[in-house]
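Biologist: I would like to learn how to read the aromatic side chains and the confidence values of a model such as this one. Could we go through them together?
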Amino acid sequence: MTSQTDEAAQSRLMADIPYDQQTKITIERRGQIVLIGINRPYIDNRLDPDATESVARAYYEYDRDPSLRAAVLFGYGDRFSRGVDVDAYKEKR
């Protein structure tokens, strides 16, 4: 049996990335699983440089947390991801 305190601790965010419509990547911990969400449905969840760095940082943190058993990458909206946001990478040069 788990207490309410244990359940609250297991559902804490792995990183301090608050969810709002401007957040490109969301990270949520649920027990031994971390959910990494691509939140750019208005452009089919394409990854720009900032979003790519955030996903990499999330997997880096996941890899170093022995209490986690799985990481699930998902996309908000109708599509998972259409890959890289080429225009955003061109602008970064």
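Biologist: Is Tyr76 buried, exposed or partly exposed?

Modeller: This is a predicted model, and the class follows from the relative accessible area, where buried means under 20% and exposed over 50%. Tyr76 has a relative accessible area of 23%, so Tyr76 is partly exposed.

Biologist: Which residue forms an aromatic pair with Tyr76, and how are the planes placed?

Modeller: Planes under 30 degrees apart count as stacked, over 60 as edge-to-face and the rest as tilted. Tyr76 pairs with Phe74 at 5.0 Å centre to centre, and with 55° between the planes this pair is tilted. Phe74, at a relative accessible area of 26%, is partly exposed as well.

Biologist: How many aromatic pairs does the structure hold?

Modeller: There are two aromatic pairs. In the pair of Tyr59 and Tyr62 the ring centres lie 6.4 Å apart and the planes stand at 90°, which is why the pair is edge-to-face. Both residues belong to helix α2 (residues 49-63), where they are three residues apart, about one turn of the helix. Tyr59 has 30% relative accessibility and therefore counts as partly exposed.

Biologist: Where does pLDDT stay under 50?

Modeller: Where pLDDT is low, the predicted coordinates should not be read in detail. Here that concerns residues 1-17, where pLDDT stays under 50 and the model has 21 contacts beyond four places in sequence. Among the elements, helix α1 (residues 4-10) has the lowest mean pLDDT, 44, whereas strand β3 (residues 70-75) has the highest, 97. The protein as a whole averages a pLDDT of 82, with 77% of the residues scoring at least 70.

Terms used. Residues numbered from 1 in each chain as written. Predicted model: local features only at pLDDT ≥ 70, side-chain atom pairs only at ≥ 80, totals over all residues. Heavy atoms only, no water. pLDDT = per-residue confidence, 0-100. Helix = DSSP H or I, 4+ residues; strand = E, 2+ residues; numbered from the N terminus. Contact = heavy atoms within 4.5 Å. Phe/Tyr/Trp six-rings, centres within 6.5 Å; stacked < 30°, edge-to-face > 60°. Buried < 20%, exposed > 50% of the residue type's maximum accessible area, 1.4 Å probe, protein only.
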